[in-house]
Amino acid sequence: MNISILGSTGSIGRQTIEVVKDLPNINICALAAKSDYELLAEQAKAVRPSLVALYDKDAALQLKKLLPDVEVAAGMEGILQCATIKESNLVVNAMVGSIGLKPTMAAIEAKKDVALANKETLVAGGSLVMESAKKNNVTIRPIDSEHSAIWQCLNGDLSDSYQDAVSRLILTASGGAFRTWTKEKIAKASAADALRHPNWNMGSKITIDCATMMNKGLEYIEAHWLFNMSYEKIQILIHPQSIIHSMVKFKDGAIMAQMAAPDMRQPIQYALTAPNRINLRHDTLDFLALNTLTFEAPDMERFPCLGLAIKSAKIGGTLPAMMNALNEKLVAAYLQGTIGFYDISSIIEKAIGTYTVKPVNCFADVEEAEAWASEFLDKLRGR
């Protein structure tokens, strides 16, 4: 099997390359990233793809100097080239943010299966993606640990055949860096505080989303689209140990839980090899060291982003796309220290109260919603 990796220099992309090294008969034919030309050059020299791309065009010029014998593409056009390269059977989309939607759609239209770690793709354009996947007979394989867990509990079945048997999908969440903090203490928290995730080593944007619990809200929307499950059948539980990655409750009362160490290499490997199981040398779960597994209800008062995401999901239309785009900009501002932690949720709440929701009929509807988020923020800042 030949695969393309979009977002190869990020956390999931790097781990995907690591996993592929141990898997037989998988070749990486294309790599794409945002701007880290030095790391991408190292990756390309190691795995020898026929095509590489950087979204940042200036960085792509630097990359070409380091890889004179490899085809180097640039901009969104280059990312799309990697997503649709003829040799690839499967596209791993590990990009961060709504920028991942367009290459996902391109890969699907090129009739390539997609291993998806870019949850924003389904948050912003879930109906478009799933309709196109069905039309083109393409499978969307989840990489996010929670959705992979559900998929594994369903025995690798991504069809609708399990619908009548399932009564609930249960997404687990670690609770992030501030799970035990008071609201008053959280309000004063810096980005450095939020980036200290207790269990996972991830990129900064996702780690901040975990701290606000927006990440779980985005996964709530993603689960709805991936598994064609109504929002009423999706539950969120706080599970601080991050050992049970999610569960499926069946109508007869049985609950299937997928358990593994908090390590993304297991769901990455399953996305590449399912339904087959292959030895994973990084299997580190030790039951004797666990002591206990605990669960809590999410606290919507301390973490209002979760409630706002759920509200946006249930209203639907272009609202999740707008909310997601605005959240991306606000997380960037928080990381830069220009806004406080609770400014993220308060600004999103204000925007939701102002925004006019429209149906999602085409990609342009998503782009319009994202543009509205940018304009709203600019007006708020007095620009």
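Asparagine 327 touches Lys205, Asp209, Met214, Ile344 and Ile348, leaving aside residues up to four places away in sequence. The model is a predicted one. Asparagine 327 sits in helix H14, residues 319-336. Its relative accessibility is 0%, so asparagine 327 counts as buried, the cut-off being under 20%.

Next, the sheet. Seven strands build an open sheet with parallel pairing, in the order E4-E3-E2-E1-E5-E6-E7. Strand E4 (71-74) and strand E7 (140-142) stand at the edges; each has a single partner strand, so one side of each lacks a neighbour in the sheet. From one strand to the next, the twist averages 20°.

Strand E2 (residues 27-33) pairs with strand E3 (residues 51-54) in the parallel sense, over four bridges. Alanine 33 stands opposite leucine 54 in E3. Helix H2 (residues 37-47) lies across E2 and E3 and runs at about 175° to E2.

How many cavities of 30 Å³ or more does a search of the whole structure find? It finds two.

| Cavity | Volume | Lining by class |
|---|---|---|
| Largest cavity | about 50 Å³ | five nonpolar, six polar and one charged residues |
| Second largest cavity | about 30 Å³ | four nonpolar, two polar and two charged residues |

Helix H7 (145-153) and helix H12 (265-273) each supply at least two residues of the largest cavity's lining. H7 gives the largest share, four residues. The lining of the largest cavity includes Trp200, His245 and Asp263. The second largest cavity is lined by Met95, Val96, Gly97, Ala117, Asn118, Lys119, Glu120 and Ile206.

Definitions and conventions:
Residues are numbered from 1 along each chain as its sequence is written. This is a predicted model: local features need pLDDT of at least 70, side-chain atom pairs count only at pLDDT 80 or more; totals for chains, interfaces and linings use all residues. Side-chain values use heavy atoms; hydrogens and water are left out. Two strands pair if DSSP finds at least two bridges between them. Axes are lines fitted to C-alpha atoms, for helices over the stretch in contact, and angles run from 0 to 180 degrees between N-to-C directions. Contact means heavy atoms within 4.5 Å. Buried means under 20% relative accessible area, exposed over 50%, partly exposed in between (1.4 Å probe, protein chains only). On a 1 Å grid over the protein atoms alone, a cavity is a set of points where a 1.4 Å probe fits but cannot get out, and a pocket is an open set with protein on both sides within 12 Å along at least five of seven lines; lining residues have an atom within 4 Å of a point. Grid points are joined across faces, edges and corners, and a volume is the space filled by probe spheres set on the points. Ala, Val, Leu, Ile, Met, Phe, Trp, Tyr, Cys and Pro count as nonpolar, Asp, Glu, Lys and Arg as charged, and the others, Gly among them, as polar.
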